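Please keep the sequence and the coordinates at hand while reading.

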Amino acid sequence: MIKTTRRQFLASSAGVAALGLTGQFAFLPSAQAADVRKKGYYSYNVGDIEVISIYDGVWQNQGFGDIAVDVSEDKVKAALTSAGLATDYIPIEFAFTVVKTGGKTILLDAGTGGQLAPTAGLASKGGFEAAGITPDSVDTIMISHMHPDHIFGLMEKDTNAQVFPDAELVVSETEYNFWTDPALIPKLPERRQGLAKRIQATFPEWKNVTRFSGEKELAPGIRAVESFGHSPGHVSFHISSGDDELLLIGDAVIVPALFLANLDWQLAFDADKEQASATRKSIVEKAIADNTTIGGYHFGFPNAGKIEKDGASHVFVPATV
Ligand SMILES: [Zn+2]
């Protein structure tokens, strides 16, 4: 599993020296993190399962006053500063995961497809190939939820042509039904209507979409875990083999510097803010109690590591092999 040394991490990071870190998990020096980011991917094992994390870039979000409900721009900037980040933008980073299990190559979410921000889309600009993944080597794509940064990588920019026409797409029934309901569009906030229209123009035409309900074993060692709130049918993916486990939480928590450090903040993009807050808290508490390794889609890169308590707050401590 993932290992580095705690001393290296503490020597390279501000604001985490108060952590009481225990166990064999250890932490990543910032120079090593920079190398991983430059390379664009890294791989590790969860028991017998090979996992590859792929970096898809960052959206330099300027909405300081809009990202969290009733939280001022100054407070958002102060939280970025406390995490050792610059305050010229909110880094909405993207990283998704490939899992090789049961003889199959499975993508967990499909990235931005280079259709969100000029600084994102690295996977489709060579990142996949660098990690040894070609479109025809992908057997299955499991979707945590149907927001643009998770599904635009499934479709070409202008034509909506399928990027992975031979791969099975797997999505929760709740999520699929929500977005493909024609009555939905007028009920959505304007910023989401284009997304719903694009989904409705594409997914129902595709022959390779499989829907599931409940907390289902989707492939050997991959189980869907309902974590609703960010979107109506949002799921996390629990990867396990032997005694080893990894929970890919999708967008149950985004930008740790803001929403992990301040568990009481509500994310303005959450579809059901109360439900999303409850989901976020329960995932964080359980991850700490069980010492589970977590992978976040928006946790930066490397994107897998541990959540640790830091006084009344929490931090994400990334790790790599
Ligand atoms: Zn997202």
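Which residues of the largest nonpolar core touch the most other members? In this predicted model, they are I141, I239 and L258, in a core of 84 residues. Strand 3, residues 90-101, gives the most to this core, contributing seven residues. The surroundings of L258 can be followed in detail: apart from neighbours within four places in sequence, L258 is in contact with I67, A68, V76, A79 and W265. In soluble globular proteins, nonpolar side chains tend to be buried together.

The chain as a whole may be considered next. The protein chain comprises nine helices and 14 strands. Its radius of gyration is 18 Å, close to the 20 Å given by the globule rule for 321 residues, so the chain is as compact as a globular protein of that length. Along the principal axes, the C-alpha atoms fill a box of roughly 55 × 45 × 35 Å. Of the 321 residues, 45% are buried. Contacts between residues at least 6 apart in sequence join residues at least 24 apart in 65% of cases.

Seven strands make up an open sheet of mixed pairing, arranged in the order 1-2-3-4-5-6-7. Strand 1 (41-46) and strand 7 (209-212) each have a single partner strand and stand at the edges, so one side of each is left without a neighbour in the sheet. On average, and with direction ignored, neighbouring strands of this sheet are turned by 25° against each other. Within the sheet, strand 4 (residues 104-108) and strand 5 (residues 140-143) pair in the parallel sense over three bridges. The bridge partner of L108 in strand 5 is M142. Helix 6, residues 173-180, packs on the sheet, where it touches strand 6 (168-172) and strand 7. The direction of helix 6 makes about 90° with that of strand 6.

Strand 8 (residues 217-219) pairs with strand 9 (residues 222-226) in the antiparallel sense over two bridges, and E217 stands opposite R223 in strand 9. The hairpin of these two strands has two residues between them, and G221 takes a positive phi near 85° there. Strand 9 also pairs in the antiparallel sense with strand 10 (residues 235-241), over five bridges. In that pairing, A224 stands opposite F237 in strand 10. Strands of a sheet pair through backbone hydrogen bonds, either parallel or antiparallel.

Note on methods
Residues numbered from 1 in each chain as written. Predicted model: local features only at pLDDT ≥ 70, side-chain atom pairs only at ≥ 80, totals over all residues. Pairing = 2+ DSSP bridges. Helix = DSSP H or I, 4+ residues; strand = E, 2+ residues; numbered from the N terminus. Rg over C-alpha atoms; globule rule 2.2 N^0.38 Å. Buried ≥ 20, exposed ≤ 12 C-beta atoms within 10 Å, placed from the backbone. Contact = placed C-beta atoms within 7 Å. Core = buried A, V, L, I, M, F, W, Y, C linked by C-beta atoms within 7 Å. Axes fitted to C-alpha atoms, helices over the stretch in contact; angles between N-to-C directions.
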